[in-house]
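Please look through the sequence and the structure shown below, and then read the report that follows. It goes through a few parts of the fold, one heading at a time.

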Amino acid sequence: MNKPTSSGTISWGLTDAQVAESRQKHGDNVLTPPRPVSLWKLYMEKYRDPIIQILLVAALVSLVLAFVENDFIETIGIILAVFIATTVGFYFERDAAKKFRVLTAINEDQPVKVRREGRVMEIARRDVVVGDIILIEVGDEIPADGELIEAVNLQVDESSLTGEQLTTKMLPIDEAQTADTEKSSTSDIEEKEAAYPAYVVLRSSMVMNGHAEAVVTHVGDHTEIGKVATSAAEKTDTKTPLNIQLDKLAKLISKVGTAVAIAAFIVFLIHDILTNSLWQGKDYFGMAQVVLNYFMMAVTLIVMAVPEGLPMAVTLALALNMRRMLKSNNLVRKLHASETMGAVTVICTDKTGTLTQNRMTVKECVVGKNIDIRSVYQGIATNTTAFLDKDKGVGNPTEVALLQWMNGRGEDYLLERDSAKIVEQLPFSTENKYMMTQTSNHRLYVKGAPEIVLDMCFIDDEKRNRIMSKVAAFQQAGMRVLLLAMADTDEFRTSDLTFQAVFAIEDPVREDVPKAVSTCRKAGIEVKIVTGDNSATAIEIARQIGIWDEDNADEVSRHKELDTESDEWVAKSERWHITGSDFAALTDEDAYERVEDIRVMSRARPSDKQRLVQLLQKHGEVVAVTGDGTNDAPALNYAHVGLSLGSGTSVAKQASDITLLDDSFHSISSAVMWGRSLYKNIQRFLFFQLVVNLSALLLVLGGAFIGTEMPLTVTQILWVNLIMDTFAAMALASLPPSREVMRDRPRSQSDFIISPPMGWGIIICGLLFFAVMFVFLIWCERHGAGSVVDVHELTIFFTTFVMIQFWNLFNAKCFGSRHSALRYLWRDRGLLLVLVLVFLGQWLIVTFGGRMFRTQPLSLSEWTWVTGITGVIVFGGGEIWRAFKRIGNC
């Protein structure tokens with residue numbers, strides 16, 4: 001790479017015409033994703049399923065026999081069932097993959113600061129072009145490869161490319177202008193040893209310290225990381241806690257189903273040997289056919305028992321959940337997060353932007369006596385990194401508020417920055433809680449937390465007390481307070497500074513937050529504020545949102561100074577509130593005892609937040625944490641669910657599981673509702689499927705013991721399997737979320753997905769359905785001529801069984817609810833569509849299935865009787881049960 005040169009054109013940035021020309025020449029700043037798996041290969045993967053492979057073997061044997069007997073009906077039925085099962089699975093997997101690709105593409109739209117035509121603006125990362133001037137600061141992900149034209153204390157994490165976690169970057173050294181030859185030689189040696197020149201910044205690197213400007217040299221696939229194909233894609237095979245539970249359940253059911261299938265095969269075969277004269281002769285082909293028929297029945301029972309629809313139900317539920325959560329400003333980055341949010345018991349939330357509107361406005365400024373206001377303007381202009389793009393701010397909201405205050409007074413912050421160039425800068429950090437800038441006119445400017453910066457000032461006690469009294473008044477009104485100081489010096493120092501001014505900045509609580517917090521608390525979720533702000537402001541915000549329910553929050557927050565007579569106030573304040581430094585001073589044992597009671601932690605550092613999360617987890621809590629800064633990444637990683645803010649740094653977003661696009665706490669409560677509803681929908685699917693499994697398995701075994709022909713054929717069972725796996729997954733996974741779930745207590749992660757009431761419901765419903773169908777089967781056998789159940793009666797039997805499952809979908813929809821199944825039915829469009837498909841499919845099979853499905857057409861009156869009676873028994877019975885539950889809760 002050529003070393004950059006500074007020019008007026010570079011500092012001005014590109015014009016619109018130059019942007020268009022550069023984009024046409026070099027392309028968009030997008031990494032080409034790896035080639036997706038071909039549709040054909042994706043479809044063929046469906047045939048790797050063991051159950052499908054067993055069916056294919058059975059179909060092959062059946063085909064051989066079909067050629068001998070010249071009867072291909074059953075073979076065609078099996079092949080058709082296999083084709084439908086694999087095609088439906090393929091469609092849903094392809095659809096889910098498409099949704100995930102859309103979510104991944106959103107990362108290319110994250111905002112980037114650039115300078116164009118002399119103005120700083122935000123554009124999508126994909127719109128950055130070669131020649132653009134990019135502005136980067138702590139926490140930013142560098143959007144493209146570039147060469148520095150300005151840098152202040154810049155350190156980046158290049159571990160994604162070079163393995164170097166912290167690399168110092170600087171402008172190229174011009175030996176002709178460098179007086180220190182030794183320093184120049186050392187820098188040259190370091191640059192030669194480095195993987196990349198010190199003046200080069202690379203896409204996907206993270207800014208860990210300082211800030212800089214760079215001119216873009218390469219975009220998209222031409223960047224260094226773009227040349228590394230494996231870095232362009234992100235794949236994960238992580239199994240979620242829910243998947244692990246479902247896998248265990250599937251194995252248990254598979255074992256039971258296999259045992260039942262083997263028992264049925266043996267019983268039917270022995271019964272046939274004892275009663276069928278075929279086995280007395282030498283018709284070995286006929287014997288083989290009988291054995292094959294019972295083998296097919298056994299295989300089909302395994303297919304019936306094995307809940308292979310579970311993975312599809314979970315995948316579909318997750319895909320739909322992710323898409324719907326995106327509409328409510330929750331971008332799910334990691335699969336497990338959407339389900340884990342439903343189990344959250346504690347939310348540790350930041351204050352600024354999440355609970356408040358993040359619309360900072362300077363409400364009052366108190367300038368020190370004998371302080372030149374011009375020095376205050378210059379201190380704001382140089383000791384900030386934000387910009388104003390017309391009326392919109394770009395950068396830290398607090399700094400934007402200060403610049404807008406200057407702008408409102410007719411002052412141009414850019415002129416002030418030009419008049420005093422930045423020589424060196426120490427960026428604000430949550431550890432130091434101040435920012436420091438050395439300028440070319442031999443001045444040091446400092447801004448930060450009042451108690452920190454005031455300790456750096458040379459000031460008498462009387463003046464200090466007056467300033468702190470003013471600061472306390474601002475803080476108790478819920479405002480953020482900044483203190484500015486300066487010194488005429490050429491070096492960084494933290495003493496003998498001159499006090500300049502106090503700024504009170506207002507950031508109102510979001511209107512929807514108190515209601516959202518109340519909803520979470522009613523749902524059994526504890527909300528804790530963990531903020532870097534001062535104690536008085538944090539407690540005031542806690543009072544406004546309803547987690548500090550004291551009538552005298554102001555007095556409580558000042559209990560140490562006011563020697564109040566109320567020991568109760570003091571006790572509650574000590575339990576509910578703690579500062580980061582006090583928390584850090586506690587032993588692990590004392591901190592473990594305190595964490596459950598803490599409601600507000602003020603002046604918290606990232607290490608305090610991380611320790612709080614870990615101690616809460618030791619108590620068995622499921623913790624969600626919000627974070628927006630680079631230093632929040634450890635806490636986001638340690639939390640069960642890390643929630644980054646849309647306005648936060650790329651480092652925080654990468655460490656998080658969900659990104660709150662609107663930064664609002666309301667989105668967190670919505671995510672909890674989505675997570676609980678997702679879990680409930682999967683429980684509904686399990687309830688429906690296991691009721692079908694149990695009743696079908698018992699029916700086949702019952703038929704074996706009374707000696708009748710198989711009550712359900714292979715193709716009929718495959719059709720029922722399609723209903724319970726595919727259609728039920730479509731219907732129940734697509735049910736919209738219900739706010740009812742927010743009335744329940746959080747579930748424990750160790751809880752089995754089949755709760756005791758759910759288990760009893762499955763057993764009772766399965767036995768009832770079996771009893772009804774078994775009595776009907778016995779009646780058909782006794783009623784028929786020669787104690788033989790004819791095809792017409794078996795068609796009615798088959799249709800009755802399917803219609804029982806049809807009506808039971810309504811009961812599954814209302815699982816865990818006391819409301820009628822007809823409530824908001826019009827909203828459940830997926831369920832309505834599936835009901836239509838099931839009914840229409842059953843009518844087509846009965847009317848035109850013939851020998852393939854062993855059916856005969858039914859009359860209108862027979863359809864009416866079957867549909868009506870099953871509806872009254874199943875749907876009506878469910879409605880009566882839910883009505884009793886409503887009455888019992890009145």
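Phe295 is partly exposed because its relative accessible area is 33%, where buried means under 20% relative accessible area, exposed means over 50%, and partly exposed is in between, using a 1.4 Å probe and protein chains only. Phe295 belongs to helix 8, which covers residues 284-305; helices here are DSSP runs of H or I with at least four residues, strands are runs of E with at least two, and both are numbered from the N terminus. Phe295 and Leu269 are 26 residues apart in sequence, while their C-alpha atoms are 9.3 Å apart in space.

The model is a predicted one, in which local features need pLDDT of at least 70 and side-chain atom pairs count only at pLDDT 80 or more, whereas totals for chains, interfaces and linings use all residues. Residues are numbered from 1 along each chain as its sequence is written, and side-chain values use heavy atoms, with hydrogens and water left out.

## Strands that run parallel

Strand 9 (residues 346-349) and strand 18 (residues 526-530) run parallel and are joined by four bridges; two strands pair if DSSP finds at least two bridges between them. Within this pairing, Cys348 stands opposite Lys528, and Thr349 stands opposite Ile529. Strand 9 also pairs in the parallel sense with strand 21 (residues 623-627), over three bridges, and there Ile347 has Ala624 as its bridge partner.

In a regular strand the side chains alternate between the two faces of the sheet. In strand 9, Val346 and Cys348 point one way and Ile347 and Thr349 the other way, and all are buried. Strand 18 is mostly covered, with four of its five residues buried, and two bridges join strand 18 to strand 20 (residues 600-602), with which it runs parallel. Ile529 stands opposite Val600 in strand 20.

Another part of the model is an open sheet of six strands in the order 10-17-16-15-14-13, with antiparallel pairing. Its edge strands, strand 10 (361-367) and strand 13 (422-426), each pair on one side only, and the twist averages 20 degrees from one strand to the next. Strand 15 (residues 443-448) and strand 16 (residues 480-488) pair over six bridges, and the partner of Lys447 in strand 16 is Leu484.

Helix 11 (residues 373-382) lies across the strands of this sheet, among them strand 14 (434-439) and strand 17 (498-506), and runs at about 75 degrees to strand 15. Axes are lines fitted to C-alpha atoms, for helices over the stretch in contact, and angles run from 0 to 180 degrees between N-to-C directions.

## Two packed helices

Two packed helices are described by the angle between their axes and the distance between the axes. Helix 29 (residues 791-813) and helix 30 (residues 829-848) pack at an angle of about 180 degrees, with their axes 11 Å apart. The two helices are therefore roughly antiparallel to each other, a term for angles over 145 degrees.

Where helix 29 and helix 30 meet, the residues include Phe798, Val802 and Phe806 from helix 29 and Leu835, Val838 and Ile845 from helix 30, contact meaning heavy atoms within 4.5 Å. By class, this contact has 13 nonpolar, three polar and one charged residues; Ala, Val, Leu, Ile, Met, Phe, Trp, Tyr, Cys and Pro count as nonpolar, Asp, Glu, Lys and Arg as charged, and the others, Gly among them, as polar.

Methods
Angles under 35 degrees count as roughly parallel, over 145 as roughly antiparallel, 65 to 115 as roughly perpendicular and the rest as oblique.
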